[in-house]
Amino acid sequence: MSQTLKAVRGTRDLLPPETALWNRIETTARQVFARYNFGEIRTPIFEDTSLFARSVGEETDIVSKEMYTWEDRARAQSEKPQSLTLRPENTAGVVRAYIEHKLGETGQLQKLFYIGPQFRRERPQKGRYRQFWQIGAEAIGPPSAGSESPLRDAEILEMLATFLDELGIAGWTLELNSVGSAADRARYNEILRAALVPLAPQMCVDCQRRAVTNPLRVLDCKVPEDQPIIETLPKIGDSLGQESIDHFAAVTAALEAAGVPYHLNPRLVRGLDYYTRTTFEFTHGGLGAQNALLGGGRYDGLSEAIGGPKAPGIGFAMGLDRLVLALQAAEAVRKDAAPQIADAYIAPLGEALNAAALTLARELRRADLHIELGDGAFRLKKSLEIANKLARRIVIVGEDEVQSGNLTVKNFLTGVQTKVSRAELTACLKKPAREVPA
RNA sequence: GCGGCAGUAGUUCAGUGGCAGAACGCCUGACUGUGGCUCAGGAUGUCGUGGGUUCGAUCCCCACCCGCCGCCCCA
């Protein structure tokens, strides 16, 4: 095994039949998003490193230790070397494209979705890979286009609830919070830091460190002994300015009116620096430690942070790998797990009839039938054994059939065998195998 | 990045310091143009990789690789 090449750590091959499930999820996303009038965007898989440093945040774990970054060397006098990075998420790329193509000049709210691989150098685990797939969407635009409206937040959350329901993922929970404006957050950070000064020495070593470096992270601590202390800490909700409070109240009111259940989680703080005001996660049991199916939030200052115009927005990213796991855990997908069954298996009897069999297969496939083509070198017995596994019917192409123009068709479900003229063959194969004798 | 558990046939897994195993799947035949059920037979493989201990290692020891669980973080 040492000499054979393997997929590198944290990456994997997706094979049938599982890929059918991936396709179903992507198709459902495209259908649901289309109803909300989102259009697809595809951005490059690598970007200038500084894009992520300035958006996601220099001090976040993602940027400080998880990115695949390399120095792209100059290949000509006219080129300059440049630090490039495989994208660890897609929001930064979308906003960069929004700025670069001056989409704000349209005056319209831009509603964009993407599907693609992302890269983070984390320790692999179930539901956590170094190349992983995200489906995400962003609603971004100038304030005059309504990009700051709480209705946009509620609409996106409602869309996500609809998507998960239509996909058949039962038992999701929407965790919702507001982290306030950038100013609210800075104020809260100082309040928290001050409150932690007398408390931190009683907490776990990680919290003692966080209390100094990043007080917000203390709220994420999972050590049981620390929980009572965390309960006593000031809540971010108490540090929000009136504008943020009103905005969040409008989001929750719209969700309640629409009947989208949510769970307020004042301790939900997300690990990307660009989030402001509304933040959320949809979680699912049965995913182990990686229980977040998707996450997102508002990023009202992101465009300006990377040199663009004022362009508030809100978006999310779903972990496609985790949606697959959640669906499999729900066992809602036995159908997709079954191998594909063709409408018919064509069995030429003898290699001399291979060409005739291909001709017939071409005709039937152009009539939109799913056809498995056998091989004249197989004995009929072997053809039947294979056909029984792969197809609903077998069409035998032997000397007799070619001369008479009547093909032998056998229905594996009923076991009935008949002769069918070439003219009637397509119609015959399109009939459900269960309902007719042959 | 830290702590822990595992790696044996295509798959799921037994097993032992002395010839490498089961089930399912696969192949051949009984049956020259008739499958499923049955019966008879067959092949599964560098026992993750490299080193060490030993007369002898798939087994014991070390390192590495990879996966999984927890932490961290996140989707």
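User: What share of the contacts in chain A between residues at least 6 apart in sequence join residues at least 24 apart?

Analyst: Happy to start there: in this predicted model, 68% of those contacts in chain A join residues at least 24 apart. A contact here means heavy atoms within 4.5 Å.

User: Why is chain A called more spread out than a compact globule?

Analyst: Chain A has 16 helices and 16 strands. Its radius of gyration is 29 Å, whereas the globule rule gives 22 Å for 438 residues; the value is well over the rule, so chain A is more spread out than a compact globule. Along the principal axes, the C-alpha trace spans about 95 × 60 × 50 Å.

User: What makes Thr43 buried rather than exposed?

Analyst: Buried means under 20% relative accessible area. Thr43 has 13%, and therefore it is buried. You will find Thr43 in the loop between strand E1 (39-40) and strand E2 (46-48).

User: How do you know that the side chains of Thr43 and Asn90 are joined by a polar contact?

Analyst: The cut-off for a pair of N or O atoms is 3.5 Å, and the polar contact between these two side chains is 2.9 Å. Leaving aside neighbours within four places in sequence, Thr43 is also in contact with Arg87, Gly93 and Val94.

User: Why does Ala326 count as buried?

Analyst: Ala326 has a relative accessibility of 0%, so it counts as buried under the 20% limit. Ala326 lies in helix H11 (residues 320-330). Not counting residues up to four places away in sequence, it touches Ile169, His284, Leu287 and Leu293. One of these, Leu287, is 39 residues from Ala326 along the chain, yet their C-alpha atoms are separated by 6.7 Å.

User: How many positive and negative side chains does chain A have?

Analyst: Chain A has 54 positive and 55 negative side chains, and the centres of the two sets lie 5 Å apart.

Methods
Residues numbered from 1 in each chain as written. Chains lettered and ligands numbered in written order. Predicted model: local features only at pLDDT ≥ 70, side-chain atom pairs only at ≥ 80, totals over all residues. Heavy atoms only, no water. Helix = DSSP H or I, 4+ residues; strand = E, 2+ residues; numbered from the N terminus. Buried < 20%, exposed > 50% of the residue type's maximum accessible area, 1.4 Å probe, protein only. Polar contact = N/O pair within 3.5 Å; in protein donor to acceptor, adjacent residues only side chain to side chain. Rg over C-alpha atoms; globule rule 2.2 N^0.38 Å. Lys, Arg positive; Asp, Glu negative; His and termini not counted. Charge placed at Lys NZ, Arg CZ, Asp CG, Glu CD.
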